[in-house]
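The sequence and the model are shown here for reference.

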Amino acid sequence: MREKVPALLATADGTVFRGNSVGGPGVASGEAVFNTSMTGYQEILTDPSYAGQIVVMTYPHIGNYGVVEFDAQSSGPAVSGFIMRSLSRRESSWRSEGSLADYLLRHDVVAVSEVDTRRLTRHIRDRGAMPIAMGSDVSETELIDIAADTPTMAGQDLASSVTTREPYRLDAEGDAQGLVVAIDLGLKREILRNLTGRGFEVVVVPAATDAETILGMSPSGVFVSNGPGDPEPLTATTKSLRDLLGQRPLFGICLGHQVLGLAVGASTFKLPFGHHGGNHPVRRLDDNRVYITTQNHGFAVDLWSLSDDDQPDRGELVGRNLLPEVVETPFGRMRPSHQNLNDGTLEGMVLEEIPAFSVQYHPEGAPGPSDAGGLFDDFVRLMDEAG
Amino acid sequence: MPPRRDIRSILVIGSGPIVIGQGCEFDYSGTQAAKALMAEGYRVILVNSNPATIMTDPEFADATYIEPITPEVVAEVIARERPDALLPTLGGQTALNVSTELARSGILERYGVEMIGAGLQAITKAEDRGKFKETMETVGLEVPRAGYAKSMAEALNIAKDVGYPVMVRPSFILGGRGTGIADTEEELLDIAKDGLATSPVGKILVEESVLGWKEYELEIMRDGVGNAVIVCSIENFDPMGVHTGDSITVAPIQTLSDREYQEMRVDGIKVLQAIGVETGGSNVQFAVDPETGRRLVIEMNPRVSRSSALASKATGFPIAKLAALLAVGYALDEVTNDITGATPASFEPALDYVVVKVPRFDFAKFPSAPTRLGTSMRSVGEAMAIGRTFPEALQKALRSLENGRAGLNADALEDRVISLDHDELAEAVKVPTPDRVFAMGEALRRGWTVDDVAHLSKVDPWFVDQMSEIVEVREELETSTDVAVLLEAKRYGFSDRQIAHLWDREEIDVRKLRSSVGIVRTFKTVDTCAAEFEALTPYMYGTFEEESEVRPSEKPRVLVLGSGPNRIGQGIEFDYCCVHASFALRDAGYETVMINCNPETVSTDYDTSDRLYFEPLTTEDVLAVIDVEKPDAVIVQLGGQTPLNLAEELADAGVVIAGTSPASIALAEDREQFAEICRNLGLKQPPAGSATSAAEADDVVDQIGLPVMVRPSFVLGGRKMKVIYSSEELGTYVREIYGEGDPEVVSNPILIDRFLESAVEIDVDAVFDGHELLVGGVMEHVEEAGIHSGDSSCVTPPPTLSDEASKEILRATRELAAALAVQGLINIQFAVKGDDVYVLEVNPRGSRTVPFISKAKGIPLARIAARVMMGSRIEELRSEGLIPEERGGSEFVAVKEAVLPWDRFPEEDSVLGPEMKSTGEVMGIGSDVGVAYGKALLGAGHVLADRGRVFLSFADRDKPMGLAVAQAFTLLGFDLVATKGTARFLHHHAIEAEAVNKIGEGHRDIGERLENGEVQLVVNTPRGGRARSDGSKIRQSARRHAVPCVTTIQGGLAVARSLRAGPGAINRPRSLQEWHRGR
């Protein structure tokens, strides 16, 4: 028979799955999340937002077009483990610089292929995101114990483990029109490209950088990045944002959006199994246009926490009424700007009296559609207006 | 936005008969659309000439016009019905072209009809290659370098600029007809001439060739507010150069990185915006240079297409229904995704499986045609398969084709590629043909590298490597019978039949072994969202994984086996029957389960049955579904030959077959036993015998007399059937058959039947419940016996049948149904000569004519049959109201006419015979035969001139009957020209015809006259030998110059009759509902 290294996977609730080990040695554990993107495995592997998580790819064939350094979203794989149905042993693309199989081995990513990923996905969907442990040369009971001992994402400050230790600077493409300070909670390279590509010099700073330091750089605007895990433990970043709001234009994506929510006094909550994929419909509320978006988050902002009204029940299809019209914050009125059409959750918000806005989804795509790339232009406009 | 209420009635145009390039996918789309619009409260008016469609069932529209889809007729429909809007995007190219003409000629404006979905401007921009190119360039999208020619000189100049090889595409054509690739100036001259002639506007595009590039398609939906989603992405396994309809295609795209895919996605949406598609589904094709990633837009269809049907079935996203709803003003986010029931339709389906479509060809029917695939589509159908991986889906798709293959080689037919020598194999890998994929598999088995095979075939190395994994698993199977290897093989899509072949065991033994070690199928759901949300609609496929998602159910269940890929002889008619069975049994309280693998059909819509299994129709795959569904009964008699072939093995496995038993079906096909039954019932059959040598054949003929109908006993579907008029011909035929040296042939006799010359052929469709016979209808063929019933036009009620013969036919039908213990449908073919009635053939199952007769008589025959098969009595169904009240003699005549694919096979002689060659059919309804036949002819695309010259050439045996034809055309005011022999004969009977030379026989021959447009109609009846080849040249010449050509005397008479009816009566439409009410 062709060489195979059998591997086992076990979830915290004691369910066992089988596959073959195709990556690094050892046992990996972390919260299992599934991603429904059909392309973009390398971007997903290297997205720091997945720190502490084991990603299950629902699309069966992974590795088809190889890997390209340009597509990586950080210096290397960020996931705790990777689960697939079928890892391609041969890639084919004029862009490819190597195979995914080699990449996983080289970076010691614990990876398992030939898993009934649909079964695992349904398991997570029905019972909620849960820790999983996997590896070869390890027994089922050991794995179940490891999984059961693995902490869930709630309450974990994972951003501080992936943020840059020192600030660094990136040049603008062409003549610099200004400077953006990007607070790195697990920043994706594609976001930086969107900023530098629009003529901004970017200084990337650690998650806990205070407002004074940031304002000392005289930025045109401040960007708060995506990142892994629960926003609540990020008290330092939350504090910085509070101090920055109203001082400089501010734009947040994903975890950055959630931290902004906390900064204006809203609470956040954990979704049953999160949104991870490239096909999530989001409605822009001011004109009802629908965008197909990339998403990768397990937590969401609860705007009702700032409202005196109760959240209504969901009808047949998601309605505008599932979000409050407008809420009052210490920084003035804030209104929801975007809504997820699958479950009605908040996808974006705008402070009406100060230049600050954020979105839960990823307008930079990578992987996924770039339909909503115009949001970076909105940020540029805010910075221009603020002068 | 709420749906538009300023529109109350909508005209939907169908696609007409099934032809190559335009199959039954438009029945699926039209049916979905009509259903959705009616549910929204709109009045739906439908025009389609194809009676075998579900959409033309009277309950799917408020007014159903089974009428020719011509601008004149549709204009009349508009004048009568005054629709507020016209939806042109759901009936393929036919509907789009007719709508364009109606808009251009001002008819729509005159009656205040608004085109919804796509307007005239958008259609023109998409369809006219020059305008398309211009539009793309204005939004910064690259198209192949090209120029646009109206003459040969222009074509040559452009080719010089863009460089050879060049691709030639005529404007306004469907299915790629008339397109081709020229490597040299000489080749260009040929192809350009053809293209200029094919294009209705005499324009061709000469463009840079992208042969061998990667080919992709996006299925995009757009709503009125500008939201757009990609429903499905498709990658062609066969690179550019093979028409996408003839390519193996895969969904989703496999070999593009996210960055490239997202760029293509943005481009695709830009294309729709630039063309100005207001709402609905469109298909955009791209070519990508594998070396550089350079991406070109190739074309777009501003309408639902064949690819949309595939995309719909591949993802579970109901494209046609959405297209209809968006056209009346809904936005994508206002429509629920039926499958989840909880999320909006404004999303992009996420697949967690791989879909492979493989085209089905019927080149065996057209032996003169080269099998090299090109840019003109020639496949007649397709099979789709779903697997968790590409290897699994590919193997499932290949065994779904029903051409004897069990997967990617490892079967009895792999000798075809194993026997090739090195050079032959290299050629077979290089040249795209229907068998190339098998040659690639063989090359990999021989140890050729993935790179070699990819380089030769230009198929992407990723696909080739996946195939090489299949080959490696095969090698493991050859050396091991380990359980682990067996499981691996099943996960790579190997069928039990392949494994049995490699292990040299019986298929059933493999199945037993599997079940003893617990390697059984799991069924997964197609849910549009990769399991992110719970699916409500059970649409399943089989695979080998850890978890199965089938939920048990307590209700009584019936499994309906569908008809598999379309092919000549088995098309949409059988899907129609299966769909009706499912509807009828659902209504009667059963849960219905459908298995089929044809993505073009209504039966594979996820809401046709309670559960849909998109699986191959093989014993193994069907038994696996039966194991989990445990149906009370299985219906095998409605899906044509495909499910019938499984009946015996299913019965052997203990499955309950509904209705007529497989034994009865087999009995009807057993010559000797069936002859015995006929003798006992006192029914006549043509005298017959069989022979295994020329001498024996002569003896048989001495006894029964000439002419005879001969056929080898081992072939199905009329292959190699022939009418023989002389003993020399017989000798040649026997030598030909046995000369092939095939041991199977030599050990089987040739069957010889007396051919009843000038007999009238009659078809009867009826339902028998064991007690009562319900006759659906009696049809009389226009062509005499000897022409395959599928190719013959027929009329109901029968115009020339005597009362005596009628009575005998009814008696015979009842007694044969009883003798064969029929419970359900029975179809009988009779030949009638005078008052003598001969039984030709009995099929105790659903036939091709069921939909036609159902529409002609207003009786839902397939529904009634399904109920009877499950034990209901006809009496009971009558009281239920399923069978309409008995009425007096019908006041209208219905004609069915066959549509033949000669334009795709220019090398073939267009003569009709015992072997079926038609791809589809149309129906004409009128107050008399002339009008009905005229409508049928028009619907089939035959535009008849009402004055001018008729060319006559009759075989000697036809000359007496030919007089009537000559007289009829003389009376109509036509001038007659004829071959010398025929002219002499006519002169002898006081009819004057100008004698002309046969082709190549001298000055101003008939070929030249046809070319000069001097002849408007050809009536040429063929017979064997030299006469046939002369006739063949004439028929080919007529076809080349688009002159209608009739090959039978009866056909000629019918044409004359329809000309007598006149265009006024033929163009006057009347809805099916009115016809049925009017009785």
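## A helix pair in chain B

In this predicted model, helix H6 (residues 129–138) of chain B packs against helix H9 (residues 258–275) of chain B at an angle of about 120°, and their axes lie 10 Å apart. The crossing that H6(B) makes with H9(B) is right-handed.

On the H6(B) side the contact involves B:Phe132, B:Thr135 and B:Met136, which meet B:Val271, B:Ala274 and B:Ile275 of H9(B). Sorted by class, the contact of H6(B) with H9(B) contains five nonpolar residues and one polar residue, with no charged residues.

## The interface of chain A and chain B

Between them, chain A and chain B bury about 5600 Å², of which 44% is on carbon and sulfur atoms. To this contact chain A gives 61 residues and chain B gives 72 residues.

Across the interface the rule finds 40 residue pairs in polar contact, with both residues at pLDDT 80 or more. Several elements of chain A each supply at least two residues of the side that touches chain B, namely strand S2 (16–21), helix H3 (117–127), helix H6 (189–196), strand S15 (267–284) and strand S16 (290–302). The largest share of that side, six residues, comes from H3(A). By class, the side of chain A that touches chain B is made up of 20 nonpolar, 19 polar and 22 charged residues.

## Salt bridges

Over all chains the count of salt bridges comes to 97, and across the interface of chain A and chain B the rule finds 18. One salt bridge joins the side chains of B:Glu488 and A:Lys4, with an N to O distance of 3.0 Å.

Within chain A, A:Glu352 forms a salt bridge with A:Arg335, and the closest N and O atoms of this pair are 2.7 Å apart. The pair links distant parts of the chain, 17 residues apart, with A:Glu352 in the loop between strand S19 (346–351) and strand S20 (356–359) of chain A, and A:Arg335 in strand S18 (residues 332–340) of chain A.

## Backbone features in loops

The peptide bond from A:Ala366 to A:Pro367 is cis, with omega near 0°, and A:Pro367 belongs to the loop between S20 and helix H10 (374–386) of chain A. In chain B, the peptide bond from B:Leu706 to B:Pro707 is cis, with omega near -10°; B:Pro707 is placed in the loop between helix H26 (694–704) and strand S24 (708–712) of chain B.

B:Ala990, a residue other than glycine, has a positive phi near 65°, and lies in the loop between helix H35 (980–988) and strand S36 (994–996) of chain B.

How values were computed. Residues are numbered from 1 along each chain as its sequence is written. Chains are lettered from A and ligands numbered from 1 in the order in which they are written. This is a predicted model: local features need pLDDT of at least 70, side-chain atom pairs count only at pLDDT 80 or more; totals for chains, interfaces and linings use all residues. Side-chain values use heavy atoms; hydrogens and water are left out. Contact means heavy atoms within 4.5 Å. Buried area is the accessible area (1.4 Å probe) that two parts lose on being put together, summed over both. A salt bridge is a side-chain nitrogen of Lys or Arg within 4 Å of a carboxyl oxygen of Asp or Glu. A polar contact is a pair of N or O atoms within 3.5 Å; within protein, one must be able to donate a hydrogen and the other to accept it, and residues adjacent in sequence count only if both atoms are side-chain atoms. Helices (H or I, at least four residues) and strands (E, at least two) are DSSP runs, numbered from the N terminus. Ala, Val, Leu, Ile, Met, Phe, Trp, Tyr, Cys and Pro count as nonpolar, Asp, Glu, Lys and Arg as charged, and the others, Gly among them, as polar. Axes are lines fitted to C-alpha atoms, for helices over the stretch in contact, and angles run from 0 to 180 degrees between N-to-C directions. A crossing is left-handed if the near helix is turned anticlockwise from the far one by less than a right angle, and right-handed if clockwise.
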